[in-house]
Amino acid sequence: MLGKLLKYEFKSTGRMFGAIYIIILVLSVVMGILGRGYMTGKSAGAVMGNSLEQARMAAFTFIFIAYIVMIFAMAIVTFVLILERFYHNLLKGEGYLMHTLPVPTWMLVASKTISAVVWNVLGLAVIVVSLILILLTGGIMQEAMPQLSTFMNSVRDFFASLDMGTVRFFLELLTSLVSGILLLYTAMAIGGSAKQHKKTFSILAFIVIVIAITIIQTGLGSIWGISMVMSDASGNVMAGGALSWDIILNIIYSAVFFGLTTLFLQKRLNLE
């Protein structure tokens, strides 16, 4: 059933994100084509004395601004749509239908969380691909062909020599993303248990949770700092691994937020 819920989620949100992704990629190609020469410095001197070059430069500037605007728009739409889907599907009128589906509540929360993580990761991937397209269509990579082989070898060596530090870095990013999304869901679920002013209670719940996390991490940071000093003093060195305290805390936070969100949706939900 989780697969069917995810299919429904991606189908409902895919059109919006797909359109934004396509626009960004198209803009990157057009910007690279219009900027061909400018980005490599070959046409810089011709801009002032050639009306056609001036028009091309103006078009390039317009497309560049549109590209930046779309990047920010994608980030905003991703954030808003993640909240809107959870709020309208599970806390408002649509919740009457969603909560009568023959699936456990945790699956509803899991489907929202997984889709939110996927769209965030895809958004980042689209930005990376768009930058590559700008380099390709703008002629920058062709100009740098002598260095391209060296660059590709460096990339190959990087992936061939991935150590636990690199894995830990990506795990920290992923677990931070998951815990952040679930934190928002928890605040909304708590606010959804109120009879009135649900959004206000959601904001208050978010603030309280953030304050609690700050206090917890400050206390744990002090304890961890003391333990590290004692470890150094005794000559013991902790072996590096794929996990770190940040990852462990993110996993714990995610589990707690997931459980609280599910609990409030099951036991305390007050649909609008």
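Phe257 is buried, with 6% relative accessible area. That value comes from a predicted model, as does everything else in this report. Phe257 sits in helix α9, which covers residues 245-267. Setting aside neighbours within four places in sequence, Phe257 touches Ser179, Leu182, Leu183, Thr186, Ile209 and Ile213. Take Ile209 from that set: Phe257 and Ile209 are 48 residues apart in sequence, while their C-alpha atoms are 9.9 Å apart in space.

Now for the empty space. Rolling a probe the size of a water molecule over the atoms shows where space is left empty.

| Space | Volume | Lining by class | Largest share of the lining |
|---|---|---|---|
| Largest pocket | about 420 Å³ | 15 nonpolar, three polar, no charged residues | α4, seven residues |
| Largest cavity | about 70 Å³ | six nonpolar, two polar, three charged residues | α4, four residues |

Start with the pocket. Its lining has 18 residues, and the ones nearest the centre are Trp119, Asn120, Val121, Leu124 and Leu177. The elements giving two or more residues to this lining are α2 (51-91), α4 (105-137) and α7 (164-191). Helix α4 gives the largest share. No charged residue takes part in the pocket lining, where 15 residues are nonpolar.

What about enclosed space? Searching the whole structure for cavities of 30 Å³ or more turns up one. The residues around the largest cavity are Glu9, Thr13, Phe17, Leu81, Ile82, Arg85, Lys112, Ser115, Ala116, Trp119 and Tyr185. Two or more of the lining residues come from each of α1 (2-34), α2 and α4. Once again α4 gives the largest share, this time with four residues. Trp119 turns up here among the cavity-lining residues, and Trp119 is also one of the residues nearest the centre of the pocket.

How many salt bridges does a search of the whole structure find? The count is two. One of them joins Arg85 to Glu9, with 3.1 Å between the closest N and O atoms. Arg85 belongs to helix α2 and Glu9 to helix α1, so this pair ties together parts 76 residues apart in sequence. The other brings Lys112 and Glu9 together, at 2.4 Å from N to O. Lys112 lies in helix α4 and Glu9 in helix α1, so here the parts being tied together are 103 residues apart in sequence.

Buried here means under 20% relative accessible area. Glu9 has 3% relative accessibility, so it counts as buried.

How values were computed: Residues numbered from 1 in each chain as written. Predicted model: local features only at pLDDT ≥ 70, side-chain atom pairs only at ≥ 80, totals over all residues. Heavy atoms only, no water. 1 Å grid on protein atoms, 1.4 Å probe; cavity = no way out; pocket = protein on both sides within 12 Å on 5 of 7 lines; lining within 4 Å. Points joined across faces, edges and corners; volume = space filled by probe spheres on them. Nonpolar A, V, L, I, M, F, W, Y, C, P; charged D, E, K, R; others polar. Salt bridge = Lys/Arg side-chain N within 4 Å of Asp/Glu carboxyl O. Buried < 20%, exposed > 50% of the residue type's maximum accessible area, 1.4 Å probe, protein only. Contact = heavy atoms within 4.5 Å.
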